[in-house]
Amino acid sequence: LLKTTPDETKNQQTVAGKKVKQPVVHYEKIAKAYGDLQVLKGIDLDIAPGEKVALIGPSGSGKTTMARLLMTLEEPTSGAIQVDGESLWQQRVKGKMVKANEKHLHKIRNKIGMVFQHFNLFPHMTILGNVTAAPIHVLGMTKDDAEAQAIAMLEKVGLGDKLHGYPAQLSGGQKQRVAIARALVMRPKIMLFDEPTSALDPELVGEVLEVIKEIAQEGEMAMLLITHEMDFAKDVADRVVFFDEGHIIEEGPPREIFHNPQSPRLQNFLSRFR
Ligand code: ADP
């Protein structure tokens with residue numbers, strides 16, 4: 001249950017008598033099992049406004065599950081998640097999580113931009129059409145406004161000359177940049193990137209990472225980056241969080257995580273990238 005209403009907290013909350021900025025994302029004691037498989041075993045993680053957090057860890061350690069929980073594509077076995085101070089699950093009834101109502105969830109989901117491994121563009125729509133669809137149909141923007149914003153975002157990702165082309169005419173790297181523009185145009189508070197380059201041919205990885213890096217440098221949006229690109233995580237993240245076997249094993253600034261890892265498990269994990 002919510003301890004405080006969003007209106008009471010606005011962008012502040014009090015911790016140990018001090019006012020601190022309310023996190024954009026707050027995971028609290030999150031556990032998640034699929035049947036007998038305990039994937040997350042009590043995760044606490046806050047992401048501050050504008051903060052860039054990289055999640056690293058072996059395959060199967062629960063990173064994607066963290067993202068899917070945030071998008072309400074999965075429900076936690078126990079624990080709570082808040083986005084911008086608003087709860088994704090309101091209560092437990094007979095031991096089961098109950099989602100907030102759809103209207104409320106819809107509002108929360110609009111604060112989250114998501115870029116997946118596979119781009120999921122609409123093949124029958126132009127590039128511009130792909131980027132304007134949500135602003136028009138979800139936010140109720142006029143076509144002219146949506147197009148102006150979409151063009152600005154497509155220019156930002158280096159695709160200002162492809163507006164009237166179709167997804168099939170683009171390379172994988174270009175498609176992923178359209179997917180990024182499509183998420184950005186909704187002006188989310190947090191962008192979620194789940195291995196955005198792992199489906200790309202190696203020579204196309206750099207252009208996508210470069211675009212994400214540029215957006216990160218603009219600063220205002222928080223980011224949760226799930227990645228196996230350690231150099232990228234080092235460059236972009238304010239904080240790196242290492243997951244293994246359902247726990248956060250170690251977290252800290254990239255300098256410490258990559259150059260001075262403390263736990264044997266993190267040392268072992270990083271040695272695979274050398
Ligand atoms: P990561 O992103 O770190 O590779 P995931 O969160 O994708 O890890 O998966 C964690 C574990 O949960 C894996 O063992 C995976 O096979 C399992 N898993 C993920 N989704 C499901 C599901 N829908 N049903 C059953 N098992 C799942």
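Colleague: Thanks! So how do the axes of α4 and α6 cross?
Modeller: First, keep in mind that this is a predicted model. The axes of α4 (residues 127–137) and α6 (residues 172–184) come within 8 Å and cross at roughly 30°. Angles under 35 degrees count as roughly parallel, so α4 and α6 are roughly parallel to each other.

Colleague: And is the crossing left-handed or right-handed?
Modeller: Right-handed, as α4 passes α6.

Colleague: Nice. Which residues in α4 and α6 meet?
Modeller: From α4 you have I127, N130, V131 and A134, and they meet V178, A181 and R182 in α6. That contact divides into 5 nonpolar residues, 1 polar and 1 charged.

Colleague: Switching topic: which residues are around the ligand?
Modeller: Y34, L37, V39, G57, S59, G60, S61, G62, K63, T64 and T65. Two elements give two or more residues to that shell, namely β4 (37–47) and α2 (63–70).

Colleague: Which element gives the most to the shell?
Modeller: That would be α2, with 3 residues.

Colleague: OK, on to the strands. What order does the open sheet of 6 strands have?
Modeller: The order is β10-β11-β12-β5-β13-β14, and the pairing is mixed. At the edges stand β10 (112–115) and β14 (247–252); each has a single partner strand, so one side of each is left without a neighbour in the sheet. From one strand to the next, the twist averages 20°.

Colleague: In what sense do β11 and β12 pair?
Modeller: Parallel, over 5 bridges between β11 (residues 190–194) and β12 (residues 222–226).

Colleague: Which other strand is joined to β3, and by how many bridges?
Modeller: Strand β6 (residues 78–83), by 5 bridges, and those two also run antiparallel.

Colleague: What does H26 stand opposite in β6?
Modeller: Q82. H26 also has a bridge partner in β4, which is D46.

Definitions and conventions:
Residues numbered from 1 in each chain as written. Predicted model: local features only at pLDDT ≥ 70, side-chain atom pairs only at ≥ 80, totals over all residues. Axes fitted to C-alpha atoms, helices over the stretch in contact; angles between N-to-C directions. Helix = DSSP H or I, 4+ residues; strand = E, 2+ residues; numbered from the N terminus. Parallel < 35°, antiparallel > 145°, perpendicular 65-115°, else oblique. Left-handed = near helix turned anticlockwise from the far one by under 90°. Contact = placed C-beta atoms within 7 Å. Nonpolar A, V, L, I, M, F, W, Y, C, P; charged D, E, K, R; others polar. Near = placed C-beta within 6 Å. Pairing = 2+ DSSP bridges.
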